[in-house]
Amino acid sequence: MTSLQISFICLSSSFSLKRTHATNVPKFRRMPLLVPKISTKKSFHESNNSRDTNPLEVNVTQKILHDEDIHNLNILNTKTRIYSILELVTDRVEMHHNVGEQRDNWNTLLLNSINMITLTATTMSGLAAACPGSGAPPLSLKLSSTLLFCAATGLLLVMNKIQPSQLAEEQRNATRLFKCLNTKIETTIALRNPTEEDVNDVIEKVLALDRAYPLPLLGGAMLEKFPEKFEPVVWWPNNKTSQPHEGKAKSEKMEQELMNGWSEELEMELREVVEVTKRKDVEDYERLGNMALKINKSLAIIGPLLMGIATIGSVFVDNIGSSSWAYLVTLLAGSSAAVVNSFEHGGQVGMVFEMYRYCGGFLRLLEETVEATLEEKDVEKRENGEVFENKVAMQLGRSGLQLRELASKSASYRRDGIAMDEFASKLF
């Protein structure tokens, strides 16, 4: 019995050992899974300790990140500002387009209305003179013609004062220039991040355009339609030219001029082109502009004067047999006033004058742009020379080769001592 108990105890103990061993095996298998966590925590603490041991590196990193955040924030603010200006410019394009169409309609409606009223009043004056006797029909015709002549005279004075055809041309030019500014802003945004200088430049251009082409007609904001002399319109801000950098040797300047597509020959070519346009095109536009201004002034005076004579003559219209001069003066003055009004506003003489003002301003802007570009001594800050040459050539309606030929001919004529007028007459 004792041996049986001992064997039973041994068997039970061995069985318990096996169970214990079997139950502990999964625990030992889980232990390797805890090792990466321990190592990760250790490395994390070690990295923290290493960072704590290098405070200078931490400060430099934080400063770099802070500067990048400020830079990105400035770019975002600049983009927001220039996009808001772009929305304003787009709105101005639509506004000037609509106002231009409205003022063109003014010209058509006022011209037709004044001519119809004038011809109707003239016809009634003739009928009043042809009616026999001095009863109610001739009197009513006389009063009606007088009232119509007075209304036509007032409308003509207003029309000559505001010059609707010139107003419409102003708005067309403003629409074109605001569209160009809109395209330039979109190009700047597409090519690079806009800067604060770009934003300020766009704001100055918008304000300059508002001054050159105002929308209101009252309050003294309307442009003078009959100035003392012809002056080209200025729709751009003053070009801020940089001063030459001191302390640079001539050899260094020569090396710079060969960079960025620029050379001495190109600079001389552009200077010659500016001289030719200044002596020929600018003078022509000034002469034609002054001629259009004088014609417009004369017509603006003659039209209302004839209308006033017709109005006074309609009061004294009587039977043809008694006084023939009154109705003749009325008929002639009324008909002549309609012809003058049709020539002035139907021919749009004010629009022609404004067109010459715009062309003169365009040539002045081209001249100032070329001079400002050439005065910039740092060639790297200039626009690329070949691109600038092509731009000037296209603005003058020529190719780059034709522009170079124009400059070479001008220089040769200048060396030979031939007058610029003779050169221009042979060239153009």
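The model is predicted, so to speak of local features a pLDDT of at least 70 is needed, side-chain atom pairs count only at pLDDT 80 or more, and totals for chains, interfaces and linings use all residues. Residues are numbered from 1 along each chain as its sequence is written, and side-chain values use heavy atoms, with hydrogens and water left out.

**Salt bridges**
- The count comes to 16 salt bridges, each being a side-chain nitrogen of Lys or Arg within 4 Å of a carboxyl oxygen of Asp or Glu.
- E196 and R81 pair up at 2.4 Å, N to O, linking helix α5 to helix α2 (residues 55–130) across 115 residues of chain.
- Helices here are DSSP runs (H or I, at least four residues), numbered from the N terminus.
- E196 is partly exposed at 38% relative accessible area, and R81 is partly exposed at 34%; buried means under 20%, exposed over 50%, and partly exposed in between (1.4 Å probe, protein chains only).
- R382 and E267 form another bridge, with their closest N and O atoms 2.8 Å apart; R382 sits in the loop between α10 and α11 (385–395), and E267 in helix α7.
- Both ends of that pair are buried, R382 at 8% and E267 at 7%.
- K391 and E383 meet at 2.9 Å, N to O, and shared partners join E267, R271 and R382 into one network.

**Second largest pocket**
- The second largest pocket has a volume of about 170 Å³, taken as the space filled by probe spheres set on grid points that are joined across faces, edges and corners.
- A pocket is an open set of points on a 1 Å grid over the protein atoms alone, where a 1.4 Å probe fits, with protein on both sides within 12 Å along at least five of seven lines; lining residues have an atom within 4 Å of a point.
- Of its 10 lining residues, the closest to the centre are E265, M268, E269, A407 and A411.
- Helix α12 gives the most to this lining, with 6 residues.

**Helix α5**
- Helix α5 (residues 196–212) has 17 residues and should span 24 Å at 1.5 Å a residue, which agrees with the 25 Å between its end C-alpha atoms; the expected span is 1.5 Å times one less than the number of residues.
- Its buried residues include V199, V202 and L209.

**Positive phi**
- Q163 is not a glycine, yet has a positive phi of about 50 degrees; Q163 is buried at 0% relative accessibility.
- Q348, in the loop between α9 (324–346) and α10 (349–375), has a positive phi near 55 degrees.

Notes. Helices (H or I, at least four residues) and strands (E, at least two) are DSSP runs, numbered from the N terminus.
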